[in-house]
Each structure stands twice: as C-alpha cells, then as structure tokens.
Amino acid sequence: MMQSHNDVHHLVSAPVVVGVDGPASDAALDWAADLALRRGRELRIVHGLDLAGVVARYGEHDARVPMLRETVRARGAAVVERAARRVGEQAPGSRVSTEVSESGPAELLVGESARAYRLVLGHRSASGLVGHLGSTLVSVASHGRGAVVVVRPDAGGESWVRRSGPVVVGIDGGPVSEAAVAAAFEEASERGSELIAVHVWSERDLGRFAGTSGPLGPVADFRELESEIVGERLAGWQEKYPEVVVVRRLYPADVVATLQHWSQSAQLMVVGSRGRGGFLGLLLGSTSNSLVQHAQCPVMVVHPVESQPRAR
C-alpha cells in the first residue's frame, strides 16, 4: 500500500478506530470494519462512558451515583461486546480490539485520533455518542487529528455506503488543502476509483489576483486562473499516483450545494479541516452542517499533517 504521508497515521500499527453507541452506530461500524479488513489493519472499537458527567448531573454525594456508575459501565460493556460480535459475524478474519473508557466520548475519540489510520464516527438524530451535529461531532471534527470520517444512515435508517462511484475531493486555493488532496488520492488508489477534484470559486475572489480594486477581466480569464490553482494542487500527487484517473470540475457556484450534488454518486467525500479564508470556521458551521447531515455518502474531514502531534 502506497502511503500518502510518512506520519504516525500511516504506521503499520495504526488502527482504524470507530466510536460506537449501540445500533445507531452500525453504519459507521460496518464501514470501519470493511475498511480495516481491506487495508489489513486492526479495528479498534471504543466507547466513552462519561462517568464524570454522570456524577455532575446527580452530585457527588447522591446515593444513586454508585448504582448509576455500575449501570453505565454495564451498558458500555454490552455496547462494545455487541459491536465486536457483529464485526466477527460480518467480517470474519478481522483483527479487533475494544475499549470502554470512563472518559467522555469527545475526549476519548480526540485522543484516539492521534494515532488512528482513520477515525470513524456515526451520526444520528437522537442523543448519544454523536447527536444531531452535537458537541461530540463538532469537538472531534475540530480537534481530532488525521482523517475523521462521518458515516450516517439516511432518514429510513439505511446506509448511504456504496462500493462504486468516485472519490470526490473539495479543493480550495490554499496549501492547507494538501492533506485532503493526499488522502483523496490514497483513497481513490486503494479503491480503484476515479477521483473527482471539485473546486468552487466566486467572483468576489477576484481581489486575490487584482492589483487594484477594479475588475480583473472576463470571468473566463478568472476561471483559467482558478484552473491553474487546481492543477498546482494536484500535480505532485498525480505523479505519485499515476494509476488514479483524475477529473477536474470547476464551478462558479455554492460550495455546499455543489458537494452535496456530487455526494449522490460518490462513495466518499473528502474535505480539508479548513481552507481559504479560514475554512475551519466554515467547515464546522454551515458547510459541515450541510455535508454531515445531507451528504449522501461518508464524509472524510482531513486535518493538516503539520498540526498533528509527532509519534512518541
């Protein structure tokens, strides 16, 4: 397997980590198990109990707390046991490890992301490990390391996961999208799929090229400049992954609507954790909200390698 980065996330020992919280996490669990098996990696199933939260809700001296702690521990153990059993039945031959932690889900998953090959989360509308774009998802997407993948079911509970279709990557004009491009090429290569590089621009970006406040010229000229930007972002990775067929798509349109449209046929959507003009804030706001809730395929949020901790 060709690695896109010589970093801790691509060590042979780096596992695929999935956070589980019962049947609502099954789509994410199945996706993670399939990925781990196909890439020859360990699948690490984790569950955060948030015992500190239990104490905080009832008070340290509440007589019910000891019993509640044991109840939460028992439920967590059952959740993880069920998940491991499901993987054993559906993906025999998988290498599986589990952990039930007293930490909260966000703290646990952010910590796990520091050494994970991929960190996989479910998404559901009820409260639990990952609520309706709740604090856990936002925290992990914001503070996680490496690649964080959100796999959600549709409104009927069916998975959006598909084995065919392209890998789609959203590209901005800044160097911080490099990690997302690298991950997208790696995924396309591993999956034997086409890579669609999507770049959305708007006329308000003209100021980046104009020496004055006046118009730069015809929109067609600006489109050519944007095409050159995309070419620069892809050039080195295309040489590294010559087997990957790359199709460039440029749109003078809304980034959310464009990526959502592509998600209808993609098997994976890849975006950077931030981009032009501080995309991190946008990603964890309207853009992330829309992609995570409405993208009809798993969404991978990739953090820049330079922001990741070194392997110990």
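Select Glu190 to start: the residue is partly exposed, with a relative accessible area of 30% (partly exposed lies between buried, under 20%, and exposed, over 50%, using a 1.4 Å probe and protein chains only). This is a predicted model, where local features need pLDDT of at least 70, side-chain atom pairs count only at pLDDT 80 or more, and totals for chains, interfaces and linings use all residues. Residues are numbered from 1 along each chain as its sequence is written, and side-chain values use heavy atoms, leaving out hydrogens and water.

Arg39 sits in helix α1 (residues 26–39) and Glu190 in helix α6 (residues 178–191), so the pair ties together parts 151 residues apart in sequence. Helices are DSSP runs of H or I, at least four residues, numbered from the N terminus. Arg39 is buried, at 11% relative accessibility.

Together with Arg39 and Glu190, they are linked in a network of salt bridges.

Arg233 forms a salt bridge with Glu178, with the closest N and O atoms 3.9 Å apart. Arg233 belongs to helix α7 (residues 219–240), so this pair ties together parts 55 residues apart in sequence. Arg233 is buried, at 15%.

Last stop: helix α3 (residues 65–90), which holds both Glu70 and Arg73, three residues apart, about one turn of the helix. Their salt bridge has its closest N and O atoms 2.7 Å apart. Glu70 is partly exposed at 48%, and Arg73 is partly exposed at 28%.

How values were computed. Helices (H or I, at least four residues) and strands (E, at least two) are DSSP runs, numbered from the N terminus. A salt bridge is a side-chain nitrogen of Lys or Arg within 4 Å of a carboxyl oxygen of Asp or Glu.
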